[in-house]
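Okay, thanks for making time, everyone. Have a look at the model on the screen, and I'll walk you through it.

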Amino acid sequence: MPSVKQIQVTFDCAEPERVARFWCEVLGYVVPPPPEGFATWDDFNHSLPPEERDSWFVAQDPTGAGPRLYFQRVPEGKVAKNRVHLDVRAGTGLVGEERLATLEAECARLVALGAVRERLLPADEDNESCIVMQDIEGNEFCLD
């Protein structure tokens, strides 16, 4: 029997807190409380050596059902397509025009948060429609 109890999805990025807060808005996630002994995340951040400040941030599902999201600062920018991406499931159970209308409405909300719409993948004989998007640092995700 596997010993894995949870998974965490890790994002490489330039600005961990900014990207984490974007995904909190997208998914309804929250920033967890700061570590014990610190009143705020800023207090914790300022306690770190300068080279470690602003190097990571976390977002979590307030219900505990979804995976924890970890954002870590890396020196290099994004240069290729993601090999792993999130599917944001806004149209689950919907088909046809109803699904497309729901996806378009959610796409508009995410664009207002700073996401970029790449393209619509229209329904075919095997799959329903989805919209390929990018987060605020260019990481791809699918709105489906």
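Some housekeeping before that. This is a predicted model, so local features need pLDDT of at least 70 and side-chain atom pairs count only at pLDDT 80 or more, while totals for chains, interfaces and linings use all residues. Residues are numbered from 1 along each chain as its sequence is written, and side-chain values use heavy atoms, with hydrogens and water left out.

By nonpolar core I mean buried Ala, Val, Leu, Ile, Met, Phe, Trp, Tyr and Cys residues joined through side-chain atoms within 4.5 Å. Buried is under 20% relative accessible area, exposed is over 50%, and partly exposed is in between, with a 1.4 Å probe and protein chains only. The largest core has 28 residues, and the members touching the most others are Trp23, Leu69, Phe71, Met133, Phe141 and Leu143. Helix α1, residues 16-27, gives the most to this core, with 6 residues. Helices here are DSSP runs of H or I, at least four residues, and strands are runs of E, at least two, numbered from the N terminus.

So what does Phe71 touch? Leaving out residues up to four places away in sequence, its contacts include Phe11, Val19, Trp23 and Trp56; a contact is heavy atoms within 4.5 Å.

On to the aromatics. I pair rings of Phe, Tyr and Trp (its six-membered ring) if their centres lie within 6.5 Å; planes under 30 degrees apart are stacked, over 60 edge-to-face, and the rest tilted. There are 10 such pairs. Take Phe38 and Phe44: ring centres 5.2 Å apart, planes at 85 degrees, so edge-to-face. Phe44 is buried at 15% relative accessible area, while Phe38 is partly exposed at 30%. Phe44 also pairs edge-to-face with Trp56, with centres 6.0 Å apart and planes at 65 degrees. Phe44 sits in helix α2 (41-47) and Trp56 in strand β2 (56-59), so this pair ties together parts 12 residues apart in sequence. Phe38, Phe44 and Trp56 are among the members of one aromatic cluster, which also includes Trp41, Phe57 and Tyr70.

Now helix α3, residues 96-112. Its 17 residues should span 24 Å, and the end C-alpha atoms are 25 Å apart, which agrees; the expected span is 1.5 Å times one less than the number of residues. Which of its residues are buried? Arg99, Leu103, Glu106, Cys107 and Leu110. Covering the buried residues are, among others, α1, β5, β6 and β7.

Last, salt bridges: a side-chain nitrogen of Lys or Arg within 4 Å of a carboxyl oxygen of Asp or Glu. The count is 7. Lys78 pairs with Glu140, closest N and O atoms 3.2 Å apart, and that links the loop between β3 and β4 to strand β7, 62 residues apart. Asp144 and Arg89 come to 2.9 Å, with Asp144 buried at 14% and Arg89 exposed at 56%. And back in α3, Arg109 bridges to Glu106 at 2.8 Å, 3 residues apart, about one turn of the helix.

That's my tour; over to you.
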